[in-house]
Amino acid sequence: MTDIATVARKEILELRRDRLFLILIGFLAVVTVISVAVGAADFRAQLDAYTLYVADVTASGSGVTPAAPQLFPLQLLRGGMEYLEILGALFAIVLGYATIAKEKHRGTLPLLLSRPVQRFALAGGKIAALATIWGLVVLGLAIVSAIAVTTIGGGTLTGTDLARLAVSCGFAWLYLVFWSAIAIAVTVLTRQLSAGLIISLLVWLTFVLLIPQIGDTMDPDNQVP
């Protein structure tokens with residue numbers, strides 16, 4: 001077994017015993033189901049409004065009937081994806097930071113680095129462990145989302161929908177692994193533990209919130225004439 005695999009196995013075993021991690025993942029699953037329920041309720045409200053409007057048009061004697069609103073099942077997952085984009089990234093940063101912070105706090109990091117391990121084995125093993133964990137998490141959330149759409153949302157997922165969901169989950173996995181890797185790299189390079197977490201969060205705020213907001217503000221369509 002290589003050094004990277006050994007470190008990854010150790011991290012996976014520790015994360016399995018971490019109750020906070022399980023609570024966070026459960027929270028993501030719950031908010032995903034809630035977002036599907038909210039989206040389904042909104043569609044039903046639109047359908048009820050459409051039914052009333054058609055009744056009024058028919059009563060008035062007009063022969064023009066507007067098109068009925070259509071349910072696109074994957075649209076019900078829009079809220080869940082937004083939660084994953086924000087909360088998932090925060091959880092990824094916290095977990096990436098924690099994998100290094102605990103070693104520094106225990107004083108085991110200098111000991112590990114003094115052992116004859118491969119170069120980048122420590123960081124690579126931790127990233128590999130988090131990549132495995134996030135892969136299982138995204139797969140679980142995809143299954144929960146598909147079940148919620150077909151049961152709570154009342155939608156039907158076609159083969160194309162499932163393929164699109166799989167592609168979205170692949171990008172979501174890369175997104176989570178990216179932020180965990182950023183947190184690991186920053187925490188390793190900083191001397192103070194708090195600085196690693198703060199810098200990682202600042203990077204996340206810059207690229208996820210500030211830059212998109214600036215771009216949206218600079219959009220000519222949003223300028224006040």
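Helices here are DSSP runs of at least four residues, numbered from the N terminus. The model is predicted. By that count the protein has seven helices and zero strands. From the N terminus on, the order of elements is α-α-α-α-α-α-α. Of the 225 residues in the protein, 32% are buried.

Start with helix H7. This helix covers residues 193–218, and Ile214 lies in it. Is Ile214 buried or exposed? A residue counts as exposed when its relative accessible area is over 50%. Ile214 has 52% relative accessibility, so it counts as exposed. Ile214 also belongs to a nonpolar surface patch.

Now turn to a helix pair. Two packed helices are described by two values: the angle between their axes and the distance between the axes. Helix H3 spans residues 78–106, and helix H6 spans residues 159–189. H3 and H6 pack at an angle of about 35°. Their axes are 8 Å apart. The crossing of H3 past H6 is right-handed. Which classes of residue make up the contact of H3 with H6? By class, there are 15 nonpolar, six polar and two charged residues.

The cut-off for a buried residue is a relative accessible area under 20%. Ala172 has 10%, so it is buried. How far is Ala172 from Gly88 in sequence and in space? The two are 84 residues apart along the sequence. In space, C-alpha to C-alpha, Ala172 and Gly88 are 9.1 Å apart.

With a relative accessible area of 14%, Leu122 is buried.

Definitions and conventions
Residues numbered from 1 in each chain as written. Predicted model: local features only at pLDDT ≥ 70, side-chain atom pairs only at ≥ 80, totals over all residues. Heavy atoms only, no water. Patch = residues over 30% accessible without salt bridge, like charges linked within 9 Å, V, L, I, M, F, W, Y side chains within 5 Å. Areas by Shrake-Rupley, 256 points an atom, 1.4 Å probe, with all protein chains shown as cover. Salt bridge = Lys/Arg side-chain N within 4 Å of Asp/Glu carboxyl O. Helix = DSSP H or I, 4+ residues; strand = E, 2+ residues; numbered from the N terminus. Buried < 20%, exposed > 50% of the residue type's maximum accessible area, 1.4 Å probe, protein only. Axes fitted to C-alpha atoms, helices over the stretch in contact; angles between N-to-C directions. Left-handed = near helix turned anticlockwise from the far one by under 90°. Nonpolar A, V, L, I, M, F, W, Y, C, P; charged D, E, K, R; others polar.
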